Amino acid sequence: MFTGIIEAIGQIAAIEMYQGDMRLYVQTRELDLSDVKLGDSIATNGVCLTVVALPGDGFWADVSRETLAHSRFESLAVGERVNLEKALMPSGRLGGHIVTGHVDGVGLIMERREDARSIVYLVRAPGALARYIAPKGSITVDGVSLTVNAVNGADFELNIVPHTAGEAITGDYQQGRAVHLEVDVLARYMERLLQFAPAQGAADRADAKAQQDGLTLAKLAEYGYSRR
């Protein structure tokens, strides 16, 4: 679990294709690894990666084919800067919002413009993700917890303040850049709950009617009837 508050900017130091998937070496620079051990998770541009080796100045991680299919990691290049965040400790502050590190899709920077000291981006999300993005709601972009300013179809607007632009790679974006998107997990759970609401309501009504008629599943079982 992560918060979307970036702790450091790292750099891709090596990329190896390994038996059909990928292995990455990330130099972590200012990120303190003294409390990181093998098997721990580090969000890298918003993707939850498991540490498989700790050479000293960074970490190695495996990237599965599933992650490659839902991210832009296949286009990563050695030397590219990446946002880094260690997994949230139980005693830590939830400064952003609940982030799982499971990327939902890849968006595209459609426009960049300056607004006083801020940078405003127009981002196009995959159509299937648009219903999860709400004005003034939260979204994770390359691992950064951000607030959605406005939404128009699958396009949404972000305002990047100077601090965020300086502490993450967000300030580097130009038109045409692909970015990792993770929608608010609460929106996903709400949708799932609503999918079952009509069916559950019908089941409750049927059970109430059966009880009114004096016929229940418990009563049928009592008389030796059972569902097969």
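**Note on strands, salt bridges and exposure**

1. Strand β1 (residues 8–18) and strand β2 (residues 21–27) run antiparallel and are joined by 7 bridges, where strands (E, at least two residues) and helices (H or I, at least four residues) are DSSP runs numbered from the N terminus, and two strands count as paired if DSSP finds at least two bridges between them. Across this pair, Tyr-18 has Asp-21 of β2 as its bridge partner.

2. The model is a predicted one, in which local features need pLDDT of at least 70 and side-chain atom pairs count only at pLDDT 80 or more, while totals for chains, interfaces and linings use all residues. Residues are numbered from 1 along each chain as its sequence is written, and side-chain values use heavy atoms, with hydrogens and water left out.

3. The pair β1 and β2 belongs to a closed barrel of 6 strands, which runs β1-β2-β5-β4-β3-β6 with antiparallel pairing. Neighbouring strands of this sheet are turned against each other by 45° on average, direction ignored; the axes behind such angles are lines fitted to C-alpha atoms, for helices over the stretch in contact, and angles run from 0 to 180 degrees between N-to-C directions.

4. Is strand β5 largely enclosed or largely open? Of the 6 residues of β5 (residues 58–63), 5 are buried, so this strand is largely enclosed by the rest of the structure; buried here means under 20% relative accessible area, exposed means over 50%, and partly exposed lies in between (1.4 Å probe, protein chains only).

5. The structure holds 13 salt bridges, each being a side-chain nitrogen of Lys or Arg within 4 Å of a carboxyl oxygen of Asp or Glu. One of them joins Asp-104 to Arg-188, with the closest N and O atoms 3.1 Å apart. This pair links distant parts of the chain, since Asp-104 lies in the loop between β6 and β7 and Arg-188 in helix α3 (residues 185–212), 84 residues apart. Both partners are partly exposed, Asp-104 with a relative accessible area of 22% and Arg-188 at 31%.

6. A further salt bridge is that of Asp-155 and Arg-124, whose side chains meet at 2.7 Å, N to O. Here too the pair links distant parts of the chain, with Asp-155 in strand β11 (residues 155–160) and Arg-124 in strand β8 (residues 118–124), 31 residues apart. Asp-155 is buried at a relative accessible area of 13%, whereas Arg-124 is partly exposed at 40%.

7. The side chains of Glu-114 and Arg-112 also meet in a salt bridge, at 3.5 Å from N to O; Glu-114 counts as exposed, with 53% relative accessibility, while Arg-112 is partly exposed at 26%.

8. Which residues does Thr-170 contact, leaving aside its neighbours within four places in sequence? They are Tyr-121, Val-144, Ile-160 and Thr-164, with contact taken as heavy atoms within 4.5 Å. Thr-170 is placed in the loop between α2 (162–167) and β12 (178–183), and it is buried, with a relative accessible area of 2%.

9. Two residues deserve a check of their backbone. Most residues other than glycine have a negative phi. Arg-29, however, has a positive phi near 55°; this residue sits in the loop between β2 and β3 (41–44) and is partly exposed, with a relative accessible area of 45%. Ala-116 likewise has a positive phi, near 55°; its place is in the loop between β7 and β8, and at 75% relative accessibility Ala-116 counts as exposed.

10. On the surface, Met-1, Leu-88, Leu-94 and Ile-98 form a nonpolar patch with about 330 Å² of accessible area together. Leu-88 lies in the loop between β6 (81–86) and β7 (105–115) and counts as partly exposed, at 31% relative accessibility. Patches are made of residues with over 30% relative accessible area and no salt bridge, like charges being joined within 9 Å and nonpolar side chains (Val, Leu, Ile, Met, Phe, Trp, Tyr) within 5 Å; accessible areas come from the Shrake-Rupley method with a 1.4 Å probe, and for residues only the protein chains shown count as cover.
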